[in-house]
Amino acid sequence: MEEVPQKINFSEEELKTLKYWDDIKAFETSVKLSEGRPEYSFYDGPPFATGLPHYGHLLTGTIKDTITRYAHQTGHHVERRFGWDCHGLPIEFEIDKLLGVKTKEDVLKMGIPAYNAHCRSIVMKYSTEWEVVVNRIGRWIDMKNNYKTMDPNFMESVWWVFKELFKKDLVYQGFKVMPYSIGCTTPLSNFEASSNYKDVSDPACVVSFPMVDDEKVSFLAWTTTPWTLPSNLALTVNPKMEYVKINDTKRNAQFILGKNRTSILYKSDKEFTVLESYTGKDLIGKKYVPIFPYFASDAEKGGFVVIGADFVTDDSGTGIVHTAPAFGEDDFHACLSNGIIKRDEFRRPILNSVDANGCFTSDITDFVGMMVKDAETTKQLSIYIKGKNRMVNSANIVHSYPYCWRSDTPLIYKAVGSWFVRVESIRDKLLANNQKTYWVPDFVKEKRFANWLSNATDWAVSRNRYWGTPIPLWVSEDGQEVVAIGSIEELFELSGVRVTDLHRESIDHITIPSKQGKGTLRRIEDVFDCWFESGSMPYAQQHYPFENKDKFEKIFPAHFIAEGLDQTRGWFYTLLVLSTALFDKPPFQNLIVNGLVLASDGKKMSKRLKNYPDPMEVVSKYGADSLRLYLINSPVVKAEPLKFQEKGVQDMIKDVFLPWFNAYRFFVQNALRFEKSQNTKFVPDINVALKSENVMDKWVLASCQSLIKFVRVEMAAYRLYTVVPKLVRFIEDLTNWYVRLNRKRFKGSNGDADCLSSLNILYEVLMTVTIAMGPFTPFFTEFIYQNLKKVLPKEKQMDSVHYVLFPEPIEAAFNTRIEEAVSRMQTVIELGRAARDRRTKPIKHPLKDFMVITENKQYLDDLESLKSYILEELNIQNVVLTSDEGSFVVVTAEADNKRLGARLKTDFKKVSPQISKLTNEQLRAFQKTGEITIEGHVLTTEDLKIIRKYSGDTTNNEPSGNDEILTVLELTVDKELFERGLAREVINRVQRLRKKSGLNFDDNIQMFYSTKDQELKQAVENNQAFIKEIILFPVQFSETVPSGSFASEKVSIVNDNDAEIYLTH
């Protein structure tokens, strides 16, 4: 082994490791080495390369990398292919901004070939940056043999998927109200529309609709979308609700509205008189006069009539809903079920009064060409309505409104002709297949996702756009003959045209002769929703079924996928819909859902606001391992939000990596010292380690096996949130407990055999933890392994730690009794430290007595066996262990009043006073049995918490405790021990100066000190033997600077700068 430098720059070492991995082709080699092992399949959800990776990407990338590395290390072959989402709105929107494209006409003027060429040119805009970032965070994934949704092979498989659905009668053409993005001139899926809501101020109008039979009486309706009023076709009431006809004394008018909704116009009942009451059922069939005249002829088709529907409520509005079937889903279904419209009326003018750009068509003669969501349009509509004397009241309302996730413009709901995949008919299968999957955390599956599936509607998969996979439907002019194409070969067979690309510019011109005598079939204009493509990726990345048929069928469904919570209604959903429709199987077996990474103030991370540090700057400062561990050791792996704090990444260095590095360096130092002193090579031998009788050796080895067993169990359940804290805690135990409590042994204080035993133990534990932490912190584990492996036989030395299989626990090393005993010792020491802190008694001040009180005999026996460590760690003279609780402890009970009140109800008043009267004996009995009966009610440990208090004087004693024990620290300072403490401080300063001077601990040098503090001088002189035992050489007093001094330092022992340390040759 090589000597380990005193300091380390983690980020710089990671760069060296990256170069090493490149040199040995580490990832490719690891995959090759694992060929023939059981397959572990993983799907990587494709991101767009039009934006740079952010913390959300780094988080999911780290989760995916950790799980797949672990799968590899537990004996699997894991193919990891990166994928790119290349089509759809994100690309088109960038081009529209770049080229100033605003309408469909702009695209057609430019030409689809030119438009798509522009899209193709930016698809991989940031792919190089992505490769750099993915590589830098240590993620092992194949980015060269990637899949792209724009590749002909991928697109051909998407065609196959669609053809299969078409053959199963799961595809139909329909007319449906959908969320519509004016900014992107395309409909959106419901799950896309629900991802971006904003609080906005909109007009809220109450308008009147005079009855045809009696124009003095008007129905009142309320709307926040006045632009839909020109397309009004019905008024909807709830048949079971109560309605009233009133006389408005101020307006001298008669209105009909919901009985419970008069407050929308009136503050007091005195402002109107009730003339008549109805149920909604009584009003159904009544005809009224529309506000706008544009579609007056629709009255002949059953329009401008009151209809009934259950969606109408009396908690807002007037209880009467203005119904425009072209612009509301409920409106559409209400008019459909009442025969006012038909689903195939694609060209009916009232259903097409707003064009693709969100502007009124020529049918709306007074407002033609005006954008429906513009403030000026709202103003002009308001003027018109007031001019017709139909505006009863107008105001503004702040409410939550959906915005386009890509263009960030307000959505409208609009009836569009679209091609749909039937989802409603397979809901039960979706829910059944969801039950076959395992999610972490499971509440996302059981609540959020299951609820979404239960209400899933048919999926509109067509988009009237350009850059995407064209929908492979060729249709006759009358729409009666429809041919679905499932492959390039099938297209050639039917059209005679051979193509190598499947984008619109390559196939839109291709026609197919009709087999039914209907002339020529032409392809529909639409392309697929890009979610259809990402949902097809399990098949399309393999070019299934055209290639890799056997391979695909072996690895489907995937063992594992992972993405963020926002994909519940996105990728997770589309994967499940398509796999269920195709194979009636879930697409994956296991899924980790992560939460969102937010800025430190809890707000969304924003490039504009610059409210988060650049990810690569953070990696450059602290290293990728620190960022990885910070992210996966947080609530975000349980689908909870994480407020990103750069300090959290920095703390990983301080709390985990530096202590771990120091333990590793300490081992190497002492192994090299052993080799030098024994003139022999250190060769690790697990049998030497297992034979050790030292209790701390047994403890650390047993804890290590428990850790490995725990990690295997929890990783099998994909619970990163339990695994990472346990690994981090073990590193803390290793560095802060095992190494620190055994430092002297490693230097040979108990003889060479004991020294060798301790070195074997530490090597075994360090190597085991290094391999176990490999999937989590791939860089630092490689750094350590490359040195530690050098003492192994050549045949056991692997080129990378990531080629080494995950450790199996050593059954012979398990020892739960010792683990429990040391855990109890740790608890007692921590209670003692806390007592010192509270009474400001630094650990350097020796104290006399520390008493531990508990009736648990095994607890006391455990502490007795480890007493020497307690004495040393707390710097005390005596540990007093006693089971005599009666003499020192007062036990009281604290009730959980909220719980008891809910459970006991009125009897709580009887029970509560009795709790405070319980005697010591009763409470001790309760401690043993866990139950006590009061006033006929059995109370358990969930109802009562036992509080243990020290009964003695606390003037010179500091008690601490928990449910099981009480400790009492006596605060008297012993002079002899105090001097020993000062001697320790001198040793500490000398060691620090030696370290700073680059000396090894066994370098033969002379050490001197000078001081004017007689108390300090006396302490050093009285403890020379102790000092020599620790640092091998005496520290001599010198009134002047000794000759030949090559290093010196002023130090503070008792007071500021009260001594100076010198080193000479």
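## A buried ring

Phe528 is buried, with a relative accessible area of 3%. The structure in which this residue sits is a predicted model. Because a residue counts as buried under 20% relative accessible area, Phe162, at 0%, is also classed as buried.

## The pair of Phe162 and Phe528

A pair of aromatic rings is described by the distance of the centres and the angle of the planes. The model holds 59 aromatic pairs. In one of them, the ring centres of Phe162 and Phe528 are 5.1 Å apart and the planes meet at 70°, so this pair is edge-to-face. The reasoning rests on a cut-off: planes over 60 degrees apart count as edge-to-face.

The two partners come from distant parts of the chain.

Trp439 is part of strand β15 (residues 438-440) and Phe449 is part of helix α14 (residues 442-454), so the pair ties together parts that are 10 residues apart in sequence. Both Trp439 and Phe449 are buried.

## A ring cluster and charges over rings

Ring pairs also join several residues into a cluster, made up of Phe10, Phe657, Trp660, Phe661, Tyr664, Phe780 and Phe783.

Aromatic rings can also be seen beside charged groups. The charged end of Arg498 sits over the ring of Phe492, at 4.1 Å from the ring centre. For Lys709, the charged end sits over the ring of Phe814, and the distance to the ring centre is 5.6 Å.

## Domains

The protein chain is divided into domain 1 (1-35 + 608-636 + 643-791), domain 2 (37-170 + 422-471 + 526-594), domain 3 (187-416), domain 4 (889-950) and domain 5 (975-1064). Taken over C-alpha atoms, the centres of domain 3 and domain 5 are separated by 89 Å.

## An exposed residue

Gln1014 is located in helix α38 (residues 1014-1022). With a relative accessibility of 54%, Gln1014 counts as exposed, since the cut-off for exposed is over 50%. Gln1014 and Gly595 are 419 residues apart in sequence, and their C-alpha atoms are 62 Å apart in space.

Technical notes. Residues numbered from 1 in each chain as written. Predicted model: local features only at pLDDT ≥ 70, side-chain atom pairs only at ≥ 80, totals over all residues. Heavy atoms only, no water. Phe/Tyr/Trp six-rings, centres within 6.5 Å; stacked < 30°, edge-to-face > 60°. Helix = DSSP H or I, 4+ residues; strand = E, 2+ residues; numbered from the N terminus. Buried < 20%, exposed > 50% of the residue type's maximum accessible area, 1.4 Å probe, protein only. Lys NZ or Arg CZ within 6 Å of the ring centre and 35° of its normal. Domains from an automatic or database assignment.
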